[in-house]
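Subject: A structure for you to look at

Hello,

Here is the structure I promised to pass on. Please open it first, and then read on for what turned up in it.

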Amino acid sequence: MSGLPVKYCGSLNFGDALNPFIFERILGVPVRHASIRHARVLGLGSVAESAMRPKRKSWRYWPALHLRAPLAVWTSGFIRDEIPADFIFIRRLRVLALRGRRSLELMRRFQSVPDNCPLGDGALLAAPLLSRLPAKRWRVGLIPHVVHGADHRLRGLTERFSHVAVISLNRNPLEILAEIASCDAVFSSSLHGLIVSDVFGIPNAPLDAGPGLIGGWFKFHDYDSAFTGPAAMSRTVTLDRLAEAFETETASLMNHYVSRQPQIDRIRESLITAFREGVEL
């Protein structure tokens, strides 16, 4: 099979589904989805723990897998802050970039990481995936994580306000990018809904729509930690609060959001350089 073998979550999750688009259209490298045994690169998403197993079971993997070339880790992150004490990596790793400082701190418990390791989510490279920006269509986009998609409070907001859209993540990633770009503001319980909003300079805030997120808010804080300045998590709004005071919360978001564009430009260059210098094609 042709293409660089990359490990990422093969679900319909928006962030994970961006992997082939980022690698092929931005980095210019054809890829194919691969298991942790056969991958050469660990891609974007909360997939770092997928390369780990309990130590007592590692004998099944260790001898053969440790003879392989190191697995390049590029913008990956952990999904939670508590890794079981008996877990170990079953592949040798070469850490090129991580999603954020919290993943960096976790990785250093198990693996040496260069002091100058770039930090940032690979989806920060997504802007050129749209050949042109769409016209603004929605004042507010509500982006629920797949576990929150059926929440009746979201439908209630769209029934009350004609300029509000619920953006489904169960479709082609390019369609999702275009719909996010057509919004003036975004509230999202999906991390990559927030990341893409940052990419397009759209005011955005985390949406606390209730329980169900594996690892809770860890990956959100992790992404945030790659930046300096106001933390996105400080803007978190509960779905109940948004339903009660929609206009107030929307106006507050649009008035106080600080664009991350200058930092994103620097991060993007560092991530591209890390990949091109670290992955032999």
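Asp16 sits in helix H1, which covers residues 14–17; helices (H or I, at least four residues) and strands (E, at least two) are DSSP runs, numbered from the N terminus. Asp16 is buried yet has no salt bridge. Buried here means under 20% relative accessible area, exposed means over 50%, and partly exposed lies in between (1.4 Å probe, protein chains only). A salt bridge is a side-chain nitrogen of Lys or Arg within 4 Å of a carboxyl oxygen of Asp or Glu. For Asp16, the nearest side chain of opposite charge is that of Lys219, 7.3 Å away; Lys and Arg count as positive, Asp and Glu as negative, and His and the chain ends are not counted. Apart from neighbours within four places in sequence, Asp16 is in contact (heavy atoms within 4.5 Å) with Tyr8, Cys9, Ser11, Leu44, Gly45 and Val47.

A word on where this comes from: it is a predicted model, in which local features need pLDDT of at least 70 and side-chain atom pairs count only at pLDDT 80 or more, while totals for chains, interfaces and linings use all residues. Residues are numbered from 1 along each chain as its sequence is written, and side-chain values use heavy atoms, with hydrogens and water left out.

Now for the charged pairs. Side chains of opposite charge can pair when their charged atoms come close. The structure holds 13 salt bridges. One of them joins Arg139 and Glu247, at 2.7 Å from N to O. That pair ties together distant parts of the chain, 108 residues apart: Arg139 belongs to strand S8 (residues 138–143) and Glu247 to helix H10 (residues 246–256). Arg139 is partly exposed at 24% relative accessibility, and Glu247 is partly exposed too, at 37%.

Arg171 and Glu179 form another salt bridge, with their closest N and O atoms 2.2 Å apart. Arg171 counts as partly exposed, at 30% relative accessibility, whereas Glu179 is buried, at 16%. Arg241 and Glu249 also meet in a salt bridge, 2.7 Å from N to O. Here Arg241 is partly exposed, with a relative accessible area of 36%, and Glu249 is buried at 16%. Salt bridges that share partners also join Asp151, Arg153 and Asp240 into one network.

Glu179 leads us to helix H6, as one of its buried residues. Why is helix H6 described as largely enclosed by the rest of the structure? Because 7 of its 9 residues (the helix spans 173–181) are buried. Besides Glu179, the buried residues of H6 are Pro173, Leu174, Ile176, Leu177, Ile180 and Ala181. Their cover includes H1, helix H2 (19–26), S8, strand S9 (164–166), strand S10 (183–188) and helix H7 (191–199).

Finally, the chain as a whole. Its secondary structure comes to 11 helices and 12 strands. The C-alpha atoms fill a box of roughly 60 × 40 × 35 Å, taken along the principal axes. Of the 281 residues, 55% count as buried. Among contacts between residues at least 6 apart in sequence, 73% join residues at least 24 apart.

Enjoy exploring it!

Best wishes
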